[in-house]
Amino acid sequence: MKAATRASYEETVRRTVAGLASRLDEALDLQALARAAAVSPFHFHRIFRGMVGETPLEMHRRLRLERAAYELAATEHAVTRIALAAGYETHESFTRAFRARFGRSPTELRTRARGLVHEECLLIARLPSRSGVHFRLADIAAGLRFLREGEPMHVDIEELETTRVAAVRHVGPYHRIAEAFGTLHGLAGPAGLYGPESAMMALYYDDPESTPEAELRADAGLVVRADATQTLQGNNGLLETKMAYRCIKT
């Protein structure tokens, strides 16, 4: 890519990030964003994702959830009010999405945040982002970091002790695994599988570069007791327990 072209794209993405971050209470209009950038929606989507590591919609949703987490940690606003502001129609749908991303319920995060100062509340509210863009009260796009062509992803491979995981299978695009985490929560909660040391774990089995998107396999998992053996059938999915041996941390 020519230097002048990349500089133009970076400026477009920077304006887009600043705009969507300042309008978190509004529905995202990809068509309008593409028109402002003077490119097609498809091309705009590719440019944005290639330069920041997530789509505009994914960033918008993540920033909404980060704002919600911050408000849970730093204010006494009702969870329902925070859920509606984050774009969720019900307390239940918000809780499922929140637990899938943060590994704990809104109430659990609020309890954990008791006594934290402002900066600590911001940190506890952050979700992983390769772009460096996170919710904060001022200059939200200040930390924007553009990905470079050919830039390697940092990967740590850690050998863990054998771990038992209650898991719900997900087949399809990896970025939609949150749906499986929602099903997992609906099955694991009534089964009493959550405990003080509960942690979420996503298990990915296929290479998205060589496997069709519709055939990608993954598990949305919850670490459970070593002796747990439940196999649960619910209206929306099947939960099984299995063993996990290795964690690849990115």
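Trainee: At what angle do helix 1 and helix 4 pack?

Mentor: About 40°, with the axes of helix 1 (residues 3–22) and helix 4 10 Å apart. Axes are lines fitted to C-alpha atoms over the stretch in contact, and angles run from 0 to 180 degrees between N-to-C directions. Helices are DSSP runs (H or I, at least four residues), and strands are E runs of at least two, numbered from the N terminus. Bear in mind that this is a predicted model: local features need pLDDT of at least 70, side-chain atom pairs count only at pLDDT 80 or more, and totals for chains, interfaces and linings use all residues. Residues are numbered from 1 along each chain as its sequence is written, and side-chain values use heavy atoms, with hydrogens and water left out.

Trainee: Which residues meet there, helix 1 against helix 4?

Mentor: Val-17, Leu-20 and Ala-21 of helix 1 meet Pro-56, Met-59, His-60 and Leu-63 of helix 4, where contact means heavy atoms within 4.5 Å.

Trainee: Now the rings. How many aromatic pairs are there?

Mentor: The count is 5 aromatic pairs. Rings of Phe, Tyr and Trp (its six-membered ring) pair if their centres lie within 6.5 Å; planes under 30 degrees apart are stacked, over 60 edge-to-face, and the rest tilted. Tyr-70 and Phe-135 have ring centres 5.8 Å apart and planes at 50°, so that pair is tilted.

Trainee: Are Tyr-70 and Phe-135 buried or exposed?

Mentor: Both Tyr-70 and Phe-135 are buried (under 20% relative accessible area, with exposed over 50% and partly exposed in between; 1.4 Å probe, protein chains only).

Trainee: Which residues form the aromatic cluster?

Mentor: Tyr-88, Phe-94, Phe-98 and Phe-102 form one.
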